[in-house]
Amino acid sequence: MPRKLKHPELLSLPPAERQKERVKRWVQEQNADPAKKARLQERNTENKRKNRELKRAQKNWKENVEGQRPGKRHLPQVAAPTDSAAGLSNNIVMPSTGPAISQPSSSSDPQLIPIPIDLVLLPQPSNNVEVTGPCSHCTCNAATMVESPSTTQDTVATKTPCTRDISTMMEAPANLYPLPNHPQLEPAPPTSPTLAELDMDLASDIIGVQVPEQAETVKWSDGRTTVLPCIWEDGVNICKDDVEYVKFLAQLPQSLPGSAYVVHAQYCDWSSKPKELRELVNAALRKGKCFLLHGCPESEPANLDVDYLERYGMSSMRPIVAHDAKARVANFTYPHQDSTIQQFIRDIYNPNIIQCVLDLPLSQGGLPFFFSTLDHGMVYAWNLTLTCKPRSVHPDNFLVKAWALLHHAGFLTYFHHDSDGGNTYVKVENHNGLKFWCLAFPKNGHAIPRTTLSTNFALFADLKKNRKKIESKWDFEVVTVLPGDLLIQPPGQFHAVYTPVATFATGGHFYNHEYMHLTELSRYTDHTKGTTFTNQTHDHSIATFERMVINLPYLPSCVTLYSRSLSALCAMVLESKKYIAAGTGKKKAETLDTAEQAIAISEAIVKYFWTDLNSAIKIYRTGNQMHPGNPIDRAELLSCLEKFTMPMP
């Protein structure tokens with residue numbers, strides 16, 4: 001009597017679809033068991049070691065065979081995985097003394113033989129199956145890859161089975177119930193898609209589970225397929241406008257190394273050079289470019305649930321205010337709904353609810369330590385001005401430096417820029433999370449007057465109506481933010497975000513002396529169109545700016561000050577009322593205890609370098625609005641601020 005089939009309901013499907021479905025179900029079963037994931041993670045450590053041994057052995061063999069007769073060439077016996085690691089793009093920014101990057105092996109490499117999959121990982125008879133496709137730990141830039149790396153037919157002799165991490169395993173399990181005498185009842189073991197293909201399909205596993213069965217899909221420029229926003233009511237998708245918006249985003253070009261707008265770098269190439277890495281970030285941000293650091297250390301894989309969030313100090317009973325997609329359809333300006341963390345997590349699996357939570361306070365977080373001194377507002381303004389004791393301090397001054405984001409699958413955030421002119425950094429935390437960060441850059445931005453820039457910003461208020469004008473005046477790039485990626489964007493950076501799968505991310509805002517010209521431009525825009533251009537508002541910035549000015553006499557020499565950035569900072573302190581964002585009321589115009597000293601220092605700087613404020617503003621607002629200006633002579637600045645400097649003992 002033949003054994004019972006594991007998935008008899010699949011027999012009605014065509015063979016190809018049946019195989020694909022069996023693979024998908026098997027992957028789901030593996031991902032559902034945290035204990036099994038933990039055991040496989042341990043085995044993956046051994047797998048990495050063997051992979052390194054293989055690369056060293058291959059390198060030594062190639063060096064040794066030079067000059068030998070073909071008959072005497074022998075490849076060493078090494079136990080290792082069969083992955084072929086694709087080389088990094090030559091356009092990725094790397095330090096001058098960084099490690100050399102090897103290119104993929106050529107067709108002249110020695111032929112290899114198959115390696116069997118570890119029986120512990122695959123409960124099946126051991127078969128010599130070739131495993132192809134890129135490994136998740138290879139040097140291929142997954143965030144910018146638009147084509148899957150070519151696989152290799154090369155094989156290597158081995159006697160030891162290779163252990164494989166479940167996240168990088170390419171071969172699905174063979175039939176657990178082999179029926180050699182009944183081939184018509186159970187097909188041969190399915191051929192699993194490559195890892196890239198598994199990652200590329202972000203829709204199949206959540207349709208009918210987290211999103212309605214009627215949800216459509218779209219393919220992005222990086223090759224990934226995702227669901228489109230969908231809330232199904234009375235036979236209609238009420239998110240039809242969001243569907244068209246996401247389709248527009250999906251066809252935008254992927255950001256690649258060598259981009260004119262986004263600097264790409266690998267953490268492994270710079271981890272031992274934190275100072276040089278910070279200089280690289282500063283050089284990008286002060287010119288209005290974004291910075292993407294790939295391969296940062298990741299947290300341990302875990303499911304996005306209440307227990308996972310408790311690791312970050314988030315109680316399941318914590319009250320939250322969620323942005324609700326259905327409520328947004330009814331009232332775009334006020335999409336808010338009261339909820340709790342626990343309810344939000346439960347609603348991940350409610351197909352007809354799409355929500356997000358913005359700015360969850362995470363004050364224990366912040367920039368990674370190697371980037372922490374980029375935050376001049378915290379490091380030099382607040383830390384070094386403790387003798388200035390205002391009566392009260394707005395909590396946003398400290399909460400804004402670190403926050404968390406929670407998103408359901410299919411949530412769209414429209415084009416906007418972040419309020420109060422802060423730099424923004426973001427990092428996806430959960431191991432199966434992902435965000436499409438769609439960046440907009442003004443064409444010929446260096447040559448456009450600020451009034452024209454503000455007019456062009458206004459076009460995003462109605463993408464459907466203004467699409468042709470937008471495409472004629474803006475360039476776009478999409479950054480696929482994966483776990484391990486850290487994206488930093490400059491002040492005023494216009495961006496839209498689509499979250500195709502349930503995602504937990506962390507991030508924050510910060511200010512830096514070198515990019516204050518972009519902070520001023522962003523806040524100038526908010527003053528007239530604040531309710532249109534930003535998704536969250538904060539009431540804190542003037543307190544930080546005043547302290548940045550007060551600390552100028554004591555600013556370390558390692559910080560470079562630029563003329564346009566310095567004049568912008570002084571202007572925001574001297575004319576603070578002119579930078580109140582629209583719709584925020586009068587609270588930000590309140591005079592603080594630090595105002596008198598900050599204004600006196602700002603006036604002294606303006607008089608010394610530009611005669612008066614009107615002259616400074618006139619010079620500042622002409623020419624390239626993206627340029628920070630010329631470096632300020634620090635000796636001259638100290639001379640200017642001598643009366644504000646405490647005498648040395």
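Helix H6 (residues 274–285) comprises 12 residues, which at 1.5 Å a residue should span 16 Å; the end C-alpha atoms are 16 Å apart, in agreement with this expectation. The expected span is taken as 1.5 Å times one less than the number of residues of the helix. Helices (H or I, at least four residues) and strands (E, at least two) are DSSP runs, numbered from the N terminus. The model is a predicted one, in which local features require pLDDT of at least 70 and side-chain atom pairs count only at pLDDT 80 or more, whereas totals for chains, interfaces and linings use all residues. Residues are numbered from 1 along each chain as its sequence is written, and side-chain values use heavy atoms, with hydrogens and water left out.

In H6, Leu277, Leu280, Val281, Asn282, Ala284 and Leu285 are buried, where buried denotes under 20% relative accessible area, exposed over 50%, and partly exposed the range in between (1.4 Å probe, protein chains only).

An open sheet of nine strands has the order S5-S6-S15-S12-S17-S10-S9-S7-S8, with mixed pairing. Two strands are taken to pair if DSSP finds at least two bridges between them. At the edges of this sheet lie strand S5 (262–266) and strand S8 (336–340), each of which pairs on one side only. From one strand to the next, the twist averages 25°. Within the sheet, strand S12 (residues 423–428) and strand S15 (residues 486–489) form an antiparallel pair over four bridges, and Lys427 stands opposite Leu486 in S15. H6 packs on this sheet, touching S5, strand S6 (290–294), S12, S15 and strand S17 (503–510), and the direction of H6 makes about 145° with that of S6. Contact here means heavy atoms within 4.5 Å. Axes are lines fitted to C-alpha atoms, for helices over the stretch in contact, and angles run from 0 to 180 degrees between N-to-C directions.

A further open sheet consists of four strands in the order S11-S16-S13-S14, paired in the antiparallel sense. Strand S11 (411–416) and strand S14 (474–481) are the edge strands, each pairing on one side only. Neighbouring strands of this sheet are turned by 15° against each other on average, direction ignored. Strand S13 (residues 435–442) and strand S16 (residues 494–499) are joined in antiparallel fashion by five bridges, with Cys438 opposite Ala496 in S16. The antiparallel pairing of S13 and S14 extends over eight bridges; Phe441 has Asp475 in S14 as its bridge partner. S14 is mostly covered, since seven of its eight residues are buried.

In H13, Leu463, Asn466 and Ile470 are buried. These residues cover an arc of only 90° around the axis, which places them on the same side of H13; the arc is that of the directions from the helix axis to the C-beta atoms. An α-helix has 3.6 residues a turn, so residues three or four places apart point the same way. The cover over the buried residues of H13 includes H4 and S14, whereas the face turned away from the buried side carries the exposed residues Lys468 and Lys469.

Salt bridges, defined by a side-chain nitrogen of Lys or Arg within 4 Å of a carboxyl oxygen of Asp or Glu, number 12 by this rule. One of them joins Arg328 and Asp242, with the closest N and O atoms 3.2 Å apart. Arg328 lies in helix H8 (residues 325–330) and Asp242 in helix H4, so the pair ties together parts that are 86 residues apart in sequence. Arg328 counts as buried at 10% relative accessibility, as does Asp242 at 7%. A salt bridge between Glu429 and Lys427 has its closest N and O atoms 3.9 Å apart, and both residues are buried. The side chains of Glu520 and Arg450 meet in another salt bridge, at 2.7 Å from N to O. This pair links distant parts of the chain, with Glu520 in helix H14 (residues 516–533) and Arg450 in helix H12 (residues 450–458), 70 residues apart. Glu520 and Arg450 are both buried. A network of salt bridges links Arg450, Glu520 and Arg621.
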